[in-house]
Amino acid sequence: QVQLVESGGGLVQPGGSLRLSCAASGSIFSIGAMGWNRQAPGKQRELVAGITRGGSTNYADSVKGRFTISRDNAKNTVYLQMDSLKPEDTAVYYCNAGRSVGPSSSRSYKWDYWGQGTQVTVSS
């Protein structure tokens with residue numbers, strides 16, 4: 001069993017920045033890929049970013065160039081640096097752990113664990 005705890009969410013103005021953190025504990029050796037998904041009210045859940053243990057990353061088109069995912073394997077922690085935030089980024093952000101599937105050109109993820117979520121609100 002793996003437990004994931006997010007932190008760093010909050011209220012920010014358009015154009016601002018936030019840095020989300022997610023610390024994993026428990027059976028940490030079962031962790032391969034980690035990532036972030038988000039869900040806004042009335043909308044489908046979507047992958048924001050994913051990263052393999054080796055550091056290969058994938059991003060949703062809507063956040064490319066603005067968000068950066070990274071991880072510190074020694075600390076069992078994954079981060080999401082969010083810059084140039086837009087109102088449409090408002091959502092609950094969930095940290096995930098699981099495994100990557102397929103080559104980097106067509107990668108997807110199978111998430112086995114979910115964090116509790118942290119609210120990100122982008123508004124004036």
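## The enclosed space

Ile28, Ile31, Met34, Arg53, Arg71, Asp72, Asn73, Asn76 and Thr77 line the largest cavity of this predicted model, and the volume that they surround comes to about 40 Å³. When cavities of 30 Å³ or more are counted, the structure holds one.

Rolling a probe the size of a water molecule over the atoms shows where empty space is left.

The largest pocket has a volume of about 170 Å³. Its lining is made up of 13 residues, of which Arg38, Lys43, Glu46, Glu88 and Asp89 are the closest to the centre of the pocket. Which kinds of residue form this lining: nonpolar, polar or charged? Seven of the lining residues are charged, while four are polar and two are nonpolar.

## The chain as a whole

The chain contains eleven strands and zero helices, so that, read from the N terminus on, its elements run β-β-β-β-β-β-β-β-β-β-β. Among the contacts between residues at least 6 apart in sequence, 57% join residues at least 24 apart.

The C-alpha trace spans about 40 × 30 × 25 Å along its principal axes. Buried residues account for 42% of the 124 residues, and the chain exposes about 6,400 Å², of which carbon and sulfur atoms supply 47%.

Conventions: Residues numbered from 1 in each chain as written. Predicted model: local features only at pLDDT ≥ 70, side-chain atom pairs only at ≥ 80, totals over all residues. Heavy atoms only, no water. 1 Å grid on protein atoms, 1.4 Å probe; cavity = no way out; pocket = protein on both sides within 12 Å on 5 of 7 lines; lining within 4 Å. Points joined across faces, edges and corners; volume = space filled by probe spheres on them. Nonpolar A, V, L, I, M, F, W, Y, C, P; charged D, E, K, R; others polar. Helix = DSSP H or I, 4+ residues; strand = E, 2+ residues; numbered from the N terminus. Buried < 20%, exposed > 50% of the residue type's maximum accessible area, 1.4 Å probe, protein only. Contact = heavy atoms within 4.5 Å. Areas by Shrake-Rupley, 256 points an atom, 1.4 Å probe, with all protein chains shown as cover.
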